[in-house]
Structures are given as structure tokens and as C-alpha cells.
Amino acid sequence: MGHSHSHNHSHAHNDLKGRNLFISILLNILITVAQVIGGIVSGSLALLSDALHNFSDVLSLVVSYIANKLSKKKASIHRTFGYKRAEILAAFINASTLIIVAVLLIIEAIKRFQNPEEIESNLVIWLSLLGIIANGFSVLLLKRDSEANMNMKSAYLHLLTDMMASIAVLIGGLLMKYYQLYWVDSVLTFAIALYLIWMGFDLLKSSTKVLMLFTPDDIPIKQIVNEINAFESIKNVHHVHVWQLNEEEIHLEAHIDFNEDITLSQFDTILHEIENLVFNKYDINHVNIQPEFGKDDVKDVIVQD
């Protein structure tokens, strides 16, 4: 069967991902603690919001870390797919928390903007620098993995937005120190929050599509059906489902009506051709076909049970 092509991911890379995530978790716990203390002492909302963001980073990194470990566990009788969706679920959770954190920040920023308070700017400047350095390091650690995987991307986005938040806080600290512009603190908090919502929403959308078993955007079902229909022994392709299990696996399931009552070995040859076609052209690496001859059922391509 054509299922062997989908199992050639390297394992060393996965362990490295786990290690990088772990380092980032420790760094973020460090910044969170420092910034909470600093935010309370200095009276800076931007620092506290940065700390809240860092804390959400810690949570999201922990979620990603657990998901990364789980996704490698073997399948079993009760979990025939293993934990292959753990990472998609993690991405979904992280995107949701990004948006929730952002909404909380906006509410705080508006309140604070109405009555700005004086802020101890030296502390803000030093702690935002700490945030920039630690997050910058984490961002570099996770950058490579973030392109390949939604879970890692969600962790990476938390860190990247956090680094930008720290840069914004630094600018705010400098403006407060030299120009006494205390309202800058709220404006920056607001800007950071809007960016979070924008990034989080996109990730929420893509992870939801996978969880809802929607057909991946780049897979043209009608075209695939037409290409399989073009085989001369095939009369009709119907009851088609295409979905994504996780980032690596795309599944295609269909009923195929044959013109003649062919033997199983003939079917296997055709199945192999279908598998090669959809794998090479559309990256679909799991194919499940129900062969039929003269079976009386609904012949629509998409069947709503």
C-alpha cells in the first residue's frame, strides 16, 4: 500500500524542538517574575501587561511542549491516531489565549489612558531590556521550527509579539524618562494588544479549519475527482472526504464505482496509480478507497449523511 511515504520525519529534529521549547520556558518564567515585581514597584502598566504576556508565553510554551511530547506517542487500540492532533489543539488553545490576553490589555489601557499615573521609568527601561534579550533569544531558538508546524508557530508568535512588546515598553520608558509623557504607556499597551489580536485570529482560523476537518485550502476536490474519473476502468467517484489530520498528514477517502467486476489484484494496481497521482500532485499521503460495482447508493461527490 502507498502509506509508507508519510513516515520519514527525522527524530533528532523533534528532540531538539523539545529542548529549545524548554529553554524558552525557563527564560520566560524568569522575565515574568522580574517584570511583575518591576511593574508593581514602578507603577508601569506596560510592564505589567508585558509580564502578563510573558506569563501567557510560559503557558503557551508549556502547552506546546506537552503537545510536542504527546504527538510522538504511539497509536493504540483506544487512540488509533495516537496523539497526532495534540499540536493542532495546542495551536488552537494558544491562539485563543493570545486574543483573550489582548482584550484584557485593551480594557486596562483605556482605563489608564483616562488617568495617566507617574511611572518610575528607570526600572521600566532595564526590565524591558531584559525582556528583549530573553525573548529575542527564544525567538531565534524557535524560528526554524515555526515554519514547519502550527504548534511551534503559535509558541513562536507569542514570543515574537512579546519581544516587540518589550521594545515598545523600552521606547515608552525612554519617552517617560526624558519627556515625562506618561500616556505613552497606555498607547503602547493598546498597540501591542491590537497586534496580538491580529496574529492570534489568523492562527485560530487555521487551527479551527483542521479541527473541523475542513478540506485544506490548496486541495481542489473537483479537479481530483475529475482526474480519477479519467481512468478508463472507473465509472464514477463519489462520497469523497478530504481532511487534514495534522500538519504532516492529509487523508482522502472515497467510493469508486467500476465499469466491470474487476478482481482484487486489478483493483490494487489501480489503487496504486491513484495513490501515486494524489501523493505526487497534491501531497495527500493517506488514501482509503471503497471499490464498488453496480452498488445502489447515492452517487454525489459530497454526501451529507
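**Figure 1. Aromatic pairs in the predicted model.** A search through the whole of this predicted model turns up 3 aromatic pairs. In one of them, the ring centres of Tyr195 and Trp198 lie 6.2 Å apart and the ring planes meet at 40 degrees, so this pair counts as tilted. Tyr195 and Trp198 both sit in helix 6 (residues 184-211), and because they are 3 residues apart there, about one helical turn separates them. Trp198, at 61%, is exposed.

**Figure 2. The Phe258 and Phe267 pair.** Here is another aromatic pair to look at, formed by Phe258 and Phe267. The planes of Phe258 and Phe267 stand at 85 degrees, with 5.8 Å from centre to centre, an edge-to-face arrangement.

**Figure 3. Helix 2 against helix 4.** Helix 2 (residues 45-70) packs with helix 4 (residues 121-146) at an angle of about 25 degrees, and the two axes are 11 Å apart. Because angles under 35 degrees count as roughly parallel, helix 2 is roughly parallel to helix 4. The crossing of helix 2 and helix 4 is left-handed. Which residues meet here? From helix 2 come Leu47, Asn54, Asp57 and Leu61. Helix 4 answers with Leu123, Val124, Leu127, Ser128, Asn135 and Leu142. Sorted by class, the residues of this contact between helix 2 and helix 4 are 6 nonpolar, 3 polar and 1 charged.

**Figure 4. Helix 2 against helix 3.** Now follow helix 2 to its contact with helix 3 (residues 86-114), where the axes come within 9 Å and cross at roughly 175 degrees. Since angles over 145 degrees count as roughly antiparallel, helix 2 is roughly antiparallel to helix 3. On the helix 2 side, the contact is made by Leu45, Ser49, Leu52, His53, Ser56, Ser60, Val63, Ser64, Ala67, Asn68 and Leu70. On the helix 3 side, look for Ala86, Glu87, Ala90, Asn94, Leu98, Val101, Leu105, Glu108, Ala109 and Arg112. What classes do these residues of helix 2 and helix 3 fall into? The contact of helix 2 with helix 3 has 11 nonpolar, 7 polar and 3 charged residues.

Technical notes: Residues are numbered from 1 along each chain as its sequence is written. This is a predicted model: local features need pLDDT of at least 70, side-chain atom pairs count only at pLDDT 80 or more; totals for chains, interfaces and linings use all residues. Side-chain values use heavy atoms; hydrogens and water are left out. Axes are lines fitted to C-alpha atoms, for helices over the stretch in contact, and angles run from 0 to 180 degrees between N-to-C directions. Helices (H or I, at least four residues) and strands (E, at least two) are DSSP runs, numbered from the N terminus. Angles under 35 degrees count as roughly parallel, over 145 as roughly antiparallel, 65 to 115 as roughly perpendicular and the rest as oblique. A crossing is left-handed if the near helix is turned anticlockwise from the far one by less than a right angle, and right-handed if clockwise. Contact means heavy atoms within 4.5 Å. Ala, Val, Leu, Ile, Met, Phe, Trp, Tyr, Cys and Pro count as nonpolar, Asp, Glu, Lys and Arg as charged, and the others, Gly among them, as polar. Rings of Phe, Tyr and Trp (its six-membered ring) pair if their centres lie within 6.5 Å; planes under 30 degrees apart count as stacked, over 60 as edge-to-face and the rest as tilted. Buried means under 20% relative accessible area, exposed over 50%, partly exposed in between (1.4 Å probe, protein chains only).
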